[in-house]
Each structure stands twice: as C-alpha cells, then as structure tokens.
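Morning, everyone. I have one model to walk through today. Take a moment with the sequence and the coordinates first.

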Amino acid sequence: MKFVDEAKIKVQAGDGGRGMVSFRREKFVPFGGPDGGDGGDGGSVTLVADPGLNTLADFRYQRSFKARNGEPGGSRDCSGKGGENLEVAVPVGTVVYDVDTEETLGDLTAAGERLLVARGGKGGLGNQHFKSSTNRTPRKATPGYPGEKRELRLELKLLADVGLLGLPNAGKSTLISAVSAARPKVAEYPFTTLHPNLGVVYVGHHQSFVMADIPGLIEGAAEGAGLGIRFLKHLQRTRLLLHLVDIAPPDPQSDPVKDARSIVAELKKFSPELAKRERWLVLNKIDLLPPDEVEQRCREIVRRLRFKGPVFRISGATRDGTDALCRAVMARLDELRAAQPAEGEG
Ligand SMILES: Nc1nc2c(ncn2[C@@H]2O[C@H](COP(=O)(O)OP(=O)(O)OP(=O)(O)O)[C@@H](O)[C@H]2O)c(=O)[nH]1
Ligand SMILES: [Mg+2]
C-alpha cells in the first residue's frame with residue numbers, strides 16, 4: 001500500500017554567455033589593450049519547498065523548466081548579464097531523484113528548503129584575460145559552458161490531514177469518492193474497504209487537503225474483531241477526524257449513539273492521544289429521511305452523545321452538505337497549521 005504522488009519533469013539550466021574579443025579604442029591611444037568582457041553565467045534551476053502545495057498534480061501540465069542563458073560579454077570590460085535563476089515550487093515532503101542515475105538528489109522536508117537541481121553554465125572569459133607580456137593583442141575568448149540538464153522524478157508521500165472514522169457501511173468510501181478523485185469500492189455489505197485510501201480534496205483553486213478512508217471499525221476491534229484497529233495507525237498524523245454516523249441504519253435494532261460510543265472506545269484503546277484529537281461528528285445519509293425526521297434524529301444523537309464539537313449533516317450519495325463540510329475542514333486545517341505547524345512546515 002503506497003500513498004505516493006509522482007511526477008517526472010525536465011530541468012535545464014541556462015548556458016553561460018560567451019566571452020568577448022575587443023580592443024580599447026580611444027582617441028590618442030593608438031593601440032588600446034584588450035577589453036573584451038566575460039559572458040554572464042547561465043541561470044540555475046532550484047526546487048523550493050512550498051507549504052502551500054500538497055500535490056504534484058500541477059506537473060501534469062508543465063513538465064519542463066528552463067532557466068535563462070547568460071548574456072555574452074561586451075566591449076569595454078563589460079560583463080554579460082547573468083541569466084535569471086528559475087525557482088520551481090514543490091510540496092514540502094518531495095523527494096527528488098535523477099531519472100538517469102536513480103540517485104536521490106535530495107529530500108525537501110521543510111518549508112522554504114531549496115535544492116539546486118541544474119547548475120547554470122559559467123560564462124566564457126573575455127579576451128582581457130588572455131593578455132600576457134608576449135601577447136598584448138589576444139584574439140582569444142572562451143565560449144560559455146552549457147547549463148546542466150536533468151530529468152527528475154519527484155515523489156511525494158502523501159500524509160493525510162483528515163481521517164474518516166466509522167462503522168462499516170457508515171458511508172466513508174462514498175464520501176471520499178464524492179469529494180475527491182479517489183475511487184474506493186463502495187458496497188452495501190460491511191468491510192468493503194480492506195485497506196486505506198487517500199484522496200486529495202480540492203477546495204477552491206489552490207487549496208486542498210488529503211483525506212484518508214480506512215476500513216470500518218466495530219466494537220471489539222482492539223481485540224481483533226472485524227479487521228481490527230491496525231489501520232488506525234494511518235490516522236496518527238492527521239489533524240482532524242471526521243466521525244461518520246449513519247442516521248438511518250437498515251437494522252431497526254441498531255442504535256447510532258451506542259455505535260458511535262463504541263467507535264470512540266476503540267479509538268481510546270488504540271491510542272489515548274488519537275482519541276483526544278479534534279473530532280467532528282458527521283451525520284450521514286440524510287437523503288434517506290424526510291427533513292423533519294433528519295432534524296429530530298440528529299438532535300437526539302447529539303444530545304445523547306453530549307457531543308460538544310462541530311456537527312455536520314450530509315449525504316455522501318447526493319453530496320448534500322459535502323461542500324460545506326469540506327470548506328469547514330479546509331478553514332479549520334488552515335487555522336491549525338497556522339497555530340502549530342507540523343514537522344516539516346515552516
Ligand atoms: N442513501 C445513501 N446511501 C449511502 C450514503 N452513503 C453511503 N451509502 C451506501 O451505504 C453503503 C455503504 O457505503 P460505503 O461507502 O461502502 O461505506 P463504508 O463506510 O466505506 O463501509 P466499509 O468500507 O465497509 O467500512 C453503500 O451501499 C452505499 O451506497 C448516503 O449518503 N445515502
Ligand atoms: Mg469503505
């Protein structure tokens with residue numbers, strides 16, 4: 001099970017400008033010395049870790065990056081202008097490999113961290129460097145060196161920001177399918193999901209978060225019932241948990257409140273720390289009941305659970321309420337990040 005996002009890009013640094021051959025031409029100075037300037041250095045390409053990004057998806061559209069060449073040297077000892085460097089923003093956590101050598105070039109783990117991936121070519125030397133006691137009129141200058149070129153493979157291990165918790169059939173996989181490009185299997189029997197799935201949820205243009213769908217939990221999971229609680233480890237680095245509760249379970253004997261409590265009990269057995277993580281209640285499948293009944297059941301569930309945190313009413317199937325939920329999650333994640341940056345964030 002691998003949660004990686006990958007992209008291949010080409011980077012090319014600028015070539016150095018060539019050196020100039022030129023001689024001083026001044027009134028009353030018949031034989032001016034050499035005054036050809038050096039060429040400018042080519043621009044380099046540097047990757048910069050940007051905490052505002054969390055996917056490599058943008059590299060599907062732009063795959064090649066080239067920095068500017070240096071300008072050639074001029075007369076009168078004028079050096080050519082250096083080519084501008086090019087910075088390419090990548091998400092924090094990106095590991096960079098050279099495609100040809102399979103060598104790891106670096107691992108951008110902290111916001112603002114930089115990695116030079118293609119060095120600009122040095123500019124050539126102007127003829128002023130070649131004068132000597134025996135050669136006062138050198139006609140020699142050197143061309144600039146070519147910039148480095150590389151093909152890179154970028155790899156990003158996705159870390160989930162938000163985890164979905166709930167009984168089997170609560171609708172976790174349906175929700176992640178509704179709000180992200182992840183397409184886990186959805187079915188009306190319990191334990192459809194056998195391994196975690198991650199999805200990137202886009203909110204607006206440049207914002208997104210990563211949601212993790214894990215297999216359903218049941219009472220006794222800590223003792224191995226159902227699929228057990230081992231998948232909870234995938235939620236350990238999340239900042240927020242969404243606890244999905246089916247408000248209209250098909251079995252009339254089942255009690256959503258009791259079920260919700262048992263999930264929290266299993267969570268505590270797995271990790272008291274994870275049990276203290278911020279957890280929102282997401283009452284799902286509201287499309288199955290008339291609005292007044294939804295209202296009444298939701299109120300009762302919240303009251304009996306004595307739940308104090310944010311409560312959302314949604315339908316993963318019709319997507320009713322899912323936008324509002326995702327926007328609220330994004331806003332909360334921004335707040336949490338600003339208050340306490342995770343390792344690797346600035
Ligand atoms: N009417 C309705 N049905 C839903 C909704 N969400 C999920 N379902 C149905 O509920 C059943 C279970 O959905 P899943 O998304 O597979 O549930 P899950 O929580 O991922 O279940 P496990 O993977 O087994 O833990 C499927 O038959 C879904 O079609 C909803 O909002 N409304
Ligand atoms: Mg599922």
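Let me start with a definition. A polar contact here is a pair of N or O atoms within 3.5 Å; within protein, one must be able to donate a hydrogen and the other to accept it, and residues adjacent in sequence count only if both atoms are side-chain atoms. By that rule, a backbone N or O atom of Gly-216 sits 3.2 Å from an oxygen atom of ligand 1. Asn-169 places a backbone N or O atom 2.9 Å from a ligand 1 oxygen. A polar backbone atom of Ala-187 is 3.3 Å from an oxygen of ligand 1. On its own, ligand 1 has 650 Å² of accessible area, and the protein covers 87% of that (Shrake-Rupley method, 1.4 Å probe; for residues, only the protein chains shown count as cover).

Ground rules. This is a predicted model: local features need pLDDT of at least 70, side-chain atom pairs count only at pLDDT 80 or more, and totals for chains, interfaces and linings use all residues. Residues are numbered from 1 along each chain as its sequence is written, chains are lettered from A and ligands numbered from 1 in the order written, and side-chain values use heavy atoms, with hydrogens and water left out.

Now the shell around ligand 1. How many residues surround ligand 1? There are 24, and the closest are Lys-172, Thr-174, Phe-191, Thr-193 and Asp-287 (near means a heavy atom within 4 Å). They divide into ten nonpolar, ten polar and four charged. For those classes, Ala, Val, Leu, Ile, Met, Phe, Trp, Tyr, Cys and Pro count as nonpolar, Asp, Glu, Lys and Arg as charged, and the others, Gly among them, as polar. Helix H1, residues 172-179, gives the largest share of the shell, three residues. Helices (H or I, at least four residues) and strands (E, at least two) are DSSP runs, numbered from the N terminus.

Next, the metal. Which protein atoms are donors of the magnesium ion, ligand 2? Ser-173 (OG) and Thr-193 (OG1), lying 1.9 to 2.0 Å from it. Donors are N, O and S atoms within 2.8 Å of the metal (3.2 Å for Na, K and Ca); water is not among the atoms, so sites may look incomplete. Ser-173 lies in H1 and Thr-193 in the loop between H1 and strand S10 (197-203), so the pair ties together parts that are 20 residues apart in sequence. Both Ser-173 and Thr-193 are buried. Buried means under 20% relative accessible area, exposed over 50%, partly exposed in between (1.4 Å probe, protein chains only).

On to strand S2, residues 45-50. Five of its six residues are buried, so S2 is largely enclosed by the rest of the structure. S2 runs parallel to strand S4 (residues 86-91), joined by six bridges. With strand S7 (residues 114-118), S2 pairs in the antiparallel sense over four bridges. Pairing takes at least two DSSP bridges. Look at Thr-46: it stands opposite Glu-87 in S4 and opposite Leu-116 in S7.

Last, some loops. Arg-76, between strand S3 (64-66) and S4, has a positive phi of about 55 degrees without being a glycine. Arg-76 is exposed, at 70% relative accessibility. Arg-306, between helix H4 (291-305) and strand S14 (311-313), has a positive phi near 50 degrees. Arg-306 is exposed at 66%. Ser-315, between S14 and helix H5 (322-339), is buried at 0% relative accessibility. The Ser-315 side chain reaches the backbone nitrogen of Thr-318 at 2.9 Å.
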